[in-house]
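Me: Could we go through this model together, starting with how the side chains pack and then turning to the charged groups?

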Amino acid sequence: LMEEKADRNAEIYRMRHVEDMTFTAIGERLGLSRERVRQVYERMKIQNEDSWFAEGDYTRRSCPNCDD
């Protein structure tokens, strides 16, 4: 179950960050509310920014857990 949520969260981040989809469109595709998608995206964004800074990569713009 945790792995499924991790995959879903990474997919939410990818759809928003890479495909530039709206929170509403992502929610409709995944069966989640717009607000839940926004919450997950914000959490993933913070986690990814923390890992980029920890790695010294200050210019990275893509999702490190996504295939882009």
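Reply: What follows takes the core, the aromatic rings and the salt bridges in turn.

Me: Before that, what kind of model is this, and which residues count?

Reply: This is a predicted model, in which local features need pLDDT of at least 70 and side-chain atom pairs count only at pLDDT 80 or more, while totals for chains, interfaces and linings use all residues. Residues are numbered from 1 along each chain as its sequence is written, and side-chain values use heavy atoms, with hydrogens and water left out.

Me: OK, which residues make up the largest nonpolar core?

Reply: Ten residues do: Ile 12, Tyr 13, Met 15, Met 21, Phe 23, Ile 26, Val 37, Val 40, Tyr 41 and Met 44. Such a core is a set of buried Ala, Val, Leu, Ile, Met, Phe, Trp, Tyr and Cys residues joined through side-chain atoms within 4.5 Å, where buried means under 20% relative accessible area, exposed over 50% and partly exposed in between, with a 1.4 Å probe and protein chains only.

Me: And which helices supply it?

Reply: Helices H1 (2-17), H2 (23-30) and H3 (34-55) each supply at least two residues of this core, and the largest share, four residues, comes from H3. Helices here are DSSP runs (H or I, at least four residues), numbered from the N terminus.

Me: What does Met 15 touch, apart from its sequence neighbours?

Reply: Leaving aside neighbours within four places in sequence, Met 15 is in contact (heavy atoms within 4.5 Å) with Asp 20, Met 21, Ile 26, Arg 29 and Leu 30.

Me: Switching to rings, how many aromatic pairs are there?

Reply: A search of the whole structure finds two. Rings of Phe, Tyr and Trp (its six-membered ring) pair if their centres lie within 6.5 Å, and planes under 30 degrees apart count as stacked, over 60 as edge-to-face and the rest as tilted. The Tyr 13 and Tyr 41 rings, with centres 5.4 Å apart and planes at 20 degrees, are therefore stacked, and because Tyr 13 lies in helix H1 and Tyr 41 in helix H3, this pair ties together parts that are 28 residues apart in sequence.

Me: What about Phe 23 and Tyr 41?

Reply: Their ring centres are 5.7 Å apart and their planes are at 55 degrees, so the pair is tilted; Phe 23 is in helix H2 and Tyr 41 in helix H3, 18 residues apart. Tyr 13, Phe 23 and Tyr 41 form one aromatic cluster.

Me: Which charged residue lies over the face of Phe 23?

Reply: Arg 16 does, at 4.2 Å from the ring centre, and the charged end of Arg 16 also sits over the ring of Tyr 41, 5.9 Å from its centre. The rule asks for NZ of Lys or CZ of Arg within 6 Å of the ring centre and within 35 degrees of the ring normal.

Me: Now, how many salt bridges?

Reply: The count comes to four, taking a salt bridge as a side-chain nitrogen of Lys or Arg within 4 Å of a carboxyl oxygen of Asp or Glu. Among them, Arg 14 meets Glu 11 at 2.6 Å, N to O, and Glu 19 meets Arg 14 at 2.4 Å, N to O, with Glu 11, Arg 14 and Glu 19 linked in a network.

Me: Is Arg 14 buried or exposed?

Reply: Arg 14 counts as buried because its relative accessibility is 18%, whereas Glu 11, at 27%, counts as partly exposed.
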